[in-house]
Amino acid sequence: MAKMTGLYDVLRCPEENGIYTAKQLILPLEQGIARLKATPDKFKELNPANGYGSYDSLVCFCETILDDCCNYPDAVIEADR
């Protein structure tokens, strides 16, 4: 799901996508969340049987990160791989 919306790369490898601060992550998050919400049934079909990594959890996670980025736009982004 995250790959289909463009969220995977910006969340997993932000520095490889030129993202170093929270404010740079806001637009990609907004766009990815919009893609998820535009066709939820399409993405919910991809829900794993065990429920881990579900559509709802991805949307919630991304909205939480977006909220944090909006509240702390100058924060430095680091992804732990």
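## Helices and cysteines in a predicted model

Me: What do the buried residues of H5 pack against?
Reply: This is a predicted model. In it, the buried residues of H5 pack against helix H1 (2–5), helix H2 (7–12), helix H3 (22–38) and helix H4 (40–44).

Me: Which residues of H5 are buried?
Reply: Tyr-55, Leu-58, Val-59, Cys-62, Leu-66 and Cys-69 are the buried residues of H5. Viewed down the axis of H5, they fall within an arc of 95°, so they line one face of the helix.

Me: Why do residues three or four places apart point the same way?
Reply: An α-helix has 3.6 residues a turn, so residues at that spacing point the same way.

Me: How many residues does H5 have, and how far does it reach?
Reply: H5 covers residues 55–71, which is 17 residues. From its first C-alpha to its last it reaches 24 Å, close to the 24 Å expected at 1.5 Å a residue.

Me: And H3, what does it reach?
Reply: H3 has 17 residues and reaches 24 Å from its first C-alpha to its last, close to the 24 Å expected.

Me: Which residues are buried in H3, and what covers them?
Reply: Buried in H3 are Ala-22, Leu-25, Ile-26, Pro-28, Leu-29, Gly-32, Ile-33 and Leu-36. Their cover includes H1, H2, H4 and H5.

Me: Is Cys-13 buried or exposed?
Reply: Cys-13 counts as buried because its relative accessibility is 13%, and the cut-off for buried is under 20%.

Me: What about Cys-62, which cysteine sulfur is closest to its own?
Reply: The closest cysteine sulfur is in Cys-60, 9.4 Å away, which is too far for a bond. Cys-62 is buried, with a relative accessible area of 0%.

Me: Switching to rings, how many aromatic pairs are there?
Reply: The structure holds zero aromatic pairs.

Me: What sits over the ring of Tyr-8?
Reply: The charged end of Lys-3 does, 5.0 Å from the centre of that ring.

Me: Last one. Where does Met-4 lie, and what does it touch?
Reply: Met-4 lies in helix H1. Leaving out residues up to four places away in sequence, Met-4 touches Lys-42, Phe-43 and Leu-46. At 47% relative accessibility, Met-4 counts as partly exposed.

Note on methods:
Residues numbered from 1 in each chain as written. Predicted model: local features only at pLDDT ≥ 70, side-chain atom pairs only at ≥ 80, totals over all residues. Heavy atoms only, no water. Buried < 20%, exposed > 50% of the residue type's maximum accessible area, 1.4 Å probe, protein only. Disulfide = S-S within 2.5 Å. Helix = DSSP H or I, 4+ residues; strand = E, 2+ residues; numbered from the N terminus. Expected span 1.5 Å × (residues − 1). Arc of directions from axis to C-beta. Contact = heavy atoms within 4.5 Å. Phe/Tyr/Trp six-rings, centres within 6.5 Å; stacked < 30°, edge-to-face > 60°. Lys NZ or Arg CZ within 6 Å of the ring centre and 35° of its normal.
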